[in-house]
Amino acid sequence: MTDPTLALTGIKQSYQPGKWVLEDVNLNLLPGTVTGLLGRNGSGKATLMRIALGVLRPDSGEARLFGHGAWSATRDHGIEWWDAGTIS
């Protein structure tokens, strides 16, 4: 079996105590697949992508990108992220 390009296991994230934005998210994306992420405003889509790309560390769980921890994988490969903010 092919290893997933992105593997999220047991991801939990909260911005306020007791109020989870993401709770027990599990997702495997295999190479060569196309996947969409849909949800209402405020449902955690951007938070999930920030965790998947190593921009944000989850409160619990593991994010693996190309077989490495997402947090370290982006830095080991010289990828840096920043928030451009809002353009007026």
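**Exercises on a predicted model**

Of the chain's 88 residues, 23% count as buried (under 20% relative accessible area; exposed is over 50%, partly exposed in between; 1.4 Å probe, protein chains only). The model is predicted: local features need pLDDT of at least 70, side-chain atom pairs count only at pLDDT 80 or more, and totals for chains, interfaces and linings use all residues. Residues are numbered from 1 along each chain as its sequence is written, and side-chain values use heavy atoms, with hydrogens and water left out.

**Exercise 1.** Find the largest nonpolar core and trace one member, Leu8.

*Solution.* A nonpolar core joins buried Ala, Val, Leu, Ile, Met, Phe, Trp, Tyr and Cys residues through side-chain atoms within 4.5 Å. The largest has 11 residues, including Leu6, Leu8, Val25, Leu48 and Ala63. Strand 1 (6-16), strand 2 (19-29), helix 1 (45-52) and strand 3 (60-65) each give two or more. Now take Leu8: among its contacts are Val25, Leu48, Ala52 and Ala63, not counting residues up to four places away in sequence (contact: heavy atoms within 4.5 Å).

**Exercise 2.** Which residues other than glycine have a positive phi? Examine Asp24 and Phe66.

*Solution.* Most residues other than glycine have a negative phi. Asp24 has phi near 55°. Asp24 lies in strand 2 and is exposed, at 52% relative accessible area. Phe66 has phi of about 55°. Phe66 sits in the loop between strand 3 and strand 4 (68-69) and is exposed, at 60%.

Technical notes:
Helices (H or I, at least four residues) and strands (E, at least two) are DSSP runs, numbered from the N terminus.
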